[in-house]
Amino acid sequence: MARGGSLKLLGLTVSPFVVRVRMALQLKGLGYEYIEQDLFIKGDLLLMSNPVHKKVPVLIHDGKPICESLAIVQYIDEVWAAMGPSILPADPYERADARFWAAYADSKS
């Protein structure tokens with residue numbers, strides 16, 4: 001794994017937001033430990049990793065949590081830029097457009 005360190009993904013199988021992150025990890029060819037969460041009985045790891053929203057997905061890279069699927073996908077794309085294809089376009093306008101449509105899709109979920 002480039003840039004070393006461990007990756008853990010706190011998620012829920014049926015969440016489209018978690019699926020988005022899993023797809024980004026797969027696209028970059030990154031190995032990770034998947035930890036299924038019970039959102040009715042929230043575990044300590046989830047509560048410590050996302051104390052503000054207390055929801056999934058959360059990516060933990062070397063003990064540092066990253067929350068919210070769009071932020072996680074951008075983080076994956078930037079940290080592992082040399083691995084696999086780019087997730088977001090290189091052109092600033094196209095990148096902004098992709099972010100707009102991703103946020104729009106999120107608002108409809």
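Is W101 buried, partly exposed or exposed? Good morning. I shall answer that question at once and then work through the rest of the structure. W101 has a relative accessibility of 48%, and it therefore counts as partly exposed. The cut-off matters here, because a residue must be over 50% to be called exposed. Please keep in mind throughout that we are discussing a predicted model.

Where does W101 sit? Its place is in helix 4. Together with F100 and Y104, W101 makes a nonpolar surface patch of about 360 Å². The protein as a whole exposes about 6,500 Å², and carbon and sulfur atoms supply 61% of that area.

Let me now turn to the overall architecture. The protein contains four helices and four strands. Read from the N terminus on, the order of the elements is β-α-β-α-β-β-α-α. The radius of gyration is 14 Å, close to the 13 Å that the globule rule gives for 109 residues, so the protein is as compact as a globular protein of that length. Along the principal axes, the C-alpha atoms fill a box of roughly 40 × 35 × 20 Å. Of the 109 residues, 29% are buried. Consider also the contacts between residues at least 6 apart in sequence: 56% of them join residues at least 24 apart.

The next topic is the strands, with strand 3 as our example. Strand 3 covers residues 58-61. In a regular strand, the side chains alternate between the two faces of the sheet. In strand 3, V58 and I60 point one way, while L59 and H61 point the other way. All four of these residues are buried.

Which strands pair with strand 3? One partner is strand 1, residues 7-11, which pairs with strand 3 in the antiparallel sense over four bridges. Within that pairing, H61 of strand 3 is the bridge partner of L7. The other pairing I wish to show is with strand 4, residues 64-67, which runs antiparallel to strand 3 and is joined to it by four bridges. Here I60 stands opposite P65 of strand 4. Strand 3 and strand 4 form a hairpin, with two residues between them. In the turn of this hairpin, D62 has a positive phi of about 55 degrees.

We come now to helix 3, which spans residues 69-79. Its buried residues are S69, I72, V73, I76, D77 and V79. These buried residues pack against helix 1, strand 3, strand 4 and helix 4.

How many salt bridges does a search of the whole structure find? The search finds three.

In one of them, the side chains of D106 and R20 meet, with 2.7 Å from N to O. D106 lies in helix 4, residues 92-107, and R20 lies in helix 1, residues 16-28, so this pair ties together parts that are 86 residues apart in sequence. D106 is partly exposed, with a relative accessible area of 21%. R20 is likewise partly exposed, at 22% relative accessibility.

Another salt bridge brings together the side chains of D77 and K28, at 3.4 Å from N to O. D77 belongs to helix 3 and K28 to helix 1, and this pair links parts of the chain 49 residues apart. Both D77 and K28 are buried.

D77 also forms a salt bridge with R95, and the closest N and O atoms are 3.8 Å apart. This pair links R95 in helix 4 to D77 in helix 3, 18 residues apart. R95 and D77 are both buried. Through shared partners, the salt bridges join K28, D77 and R95 into one network.

Is A81 buried or exposed? Its relative accessibility is 53%, and A81 therefore counts as exposed. A81 and K28 are 53 residues apart in sequence, yet their C-alpha atoms are 8.5 Å apart in space.

One is the nonpolar surface patch made by F100, W101 and Y104. The other is the salt-bridge network of K28, D77 and R95. Thank you for your attention.

Technical notes
Residues numbered from 1 in each chain as written. Predicted model: local features only at pLDDT ≥ 70, side-chain atom pairs only at ≥ 80, totals over all residues. Heavy atoms only, no water. Salt bridge = Lys/Arg side-chain N within 4 Å of Asp/Glu carboxyl O. Buried < 20%, exposed > 50% of the residue type's maximum accessible area, 1.4 Å probe, protein only. Pairing = 2+ DSSP bridges. Rg over C-alpha atoms; globule rule 2.2 N^0.38 Å. Contact = heavy atoms within 4.5 Å. Areas by Shrake-Rupley, 256 points an atom, 1.4 Å probe, with all protein chains shown as cover. Patch = residues over 30% accessible without salt bridge, like charges linked within 9 Å, V, L, I, M, F, W, Y side chains within 5 Å.
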